[in-house]
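The sequence and structure are shown below, followed by the points grouped by topic.

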Amino acid sequence: MNSDIDPDIEENSDSASMEIVNGRRVDNTNELSKFVVALVSTKQSNQALCTGTLLTNDIVLTAAHCVEDRPDKLTIVFGTNVRTASRRNMRFASAYAQNPLWHHASKKGHGDLALIRFKGNPPVGYKPVLLAKNTTNLSVASEVSIIGYGVINGNNHFGAGVLRQAKTS
């Protein structure tokens, strides 16, 4: 697989929402950046971009619609800017598994989850996300942070490939 990242990278067009609206740029000193990765999928004529979460030292959780192609078409990028990432911060997928409900016609898009296994270990400083305990409760008004490589404006696709964080409730 070609590990060169296209500077005109496209957002995955199947995404329900690809915006990190009002998101602030995240730098590599932000602790949240240490478990979030970009997934670049090489398509026939372009590349698509998704966000993933490092669950273990070689497993990433992402959306099932992000892994419709062969694993050798997926590059996992560690860093806060996909376009400037060095090869030493890239890993290559070796396998993936989609949620079995993802393509089930009666579920209409439910189960949009997938796991990707990649070759090697994450770069130094990256670590799996610490998941909330199963006793954690979020109320309707709870503020949460979202983080990803999506655009900040869906009209002109500005910002794709740069890690951003926003708060929502």
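Two strands are taken to pair if DSSP finds at least two bridges between them. The model discussed here is predicted. The chain contains ten strands and zero helices.

**Overall architecture**

- Read from the N terminus, the order of elements is β-β-β-β-β-β-β-β-β-β.
- The chain has 169 residues, and buried residues account for 40% of them.
- Of the contacts between residues at least 6 apart in sequence, 67% link residues at least 24 apart.
- The accessible surface of the chain amounts to about 9,900 Å², and carbon and sulfur atoms contribute 50% of that area.

**The sheet of β2, β10 and β9**

- Strands of a sheet pair through backbone hydrogen bonds, in either a parallel or an antiparallel sense.
- Here, three strands make up an open sheet in the order β2-β10-β9, with antiparallel pairing.
- Its edge strands are β2 (24-25) and β9 (144-148), each of which pairs on one side only.

- Lys167 belongs to strand β10, which spans residues 164-168.
- Lys167 counts as exposed because its relative accessibility is 55%, and the threshold for that class is over 50%.
- Leaving aside residues up to four places away in sequence, Lys167 is in contact with Glu143, Val144 and Ser145.
- Lys167 and Ile146 are 21 residues apart along the chain, and their C-alpha atoms are separated by 6.1 Å.

- Strand β8 (residues 114-118) has a covered face formed by Ala114, Ile116 and Phe118, while Leu115 and Arg117 lie on the uncovered face.
- Strand β5 (residues 59-62) pairs with β8 in the antiparallel sense over four bridges.
- Thr62 has Ala114 of β8 as its bridge partner, and Ala114 is one of the residues on the covered face of β8.
- Strand β7 (residues 90-98) is also antiparallel to β8, and five bridges join the two.
- Ala95 stands opposite Arg117 of β8, a residue of the uncovered face.

**The disulfide**

- A disulfide is a covalent bond between the sulfur atoms of two cysteines.
- The structure has one disulfide under the applied rule, which requires the sulfur atoms to lie within 2.5 Å.
- The bond joins Cys50 to Cys66, with an S to S distance of 2.0 Å.
- Cys50 sits in strand β4 (residues 47-56) and Cys66 in the loop between β5 and β6 (74-77), so the pair ties together parts that are 16 residues apart in sequence.
- The disulfide is left-handed, because the torsion about the S-S bond of Cys50 and Cys66 is about -85 degrees.
- Cys50 has a relative accessible area of 9% and is therefore buried, since the limit for this class is under 20%.
- Cys66 likewise counts as buried, because its relative accessibility is 6%.

Methods. Residues numbered from 1 in each chain as written. Predicted model: local features only at pLDDT ≥ 70, side-chain atom pairs only at ≥ 80, totals over all residues. Heavy atoms only, no water. Buried < 20%, exposed > 50% of the residue type's maximum accessible area, 1.4 Å probe, protein only. Contact = heavy atoms within 4.5 Å. Areas by Shrake-Rupley, 256 points an atom, 1.4 Å probe, with all protein chains shown as cover.
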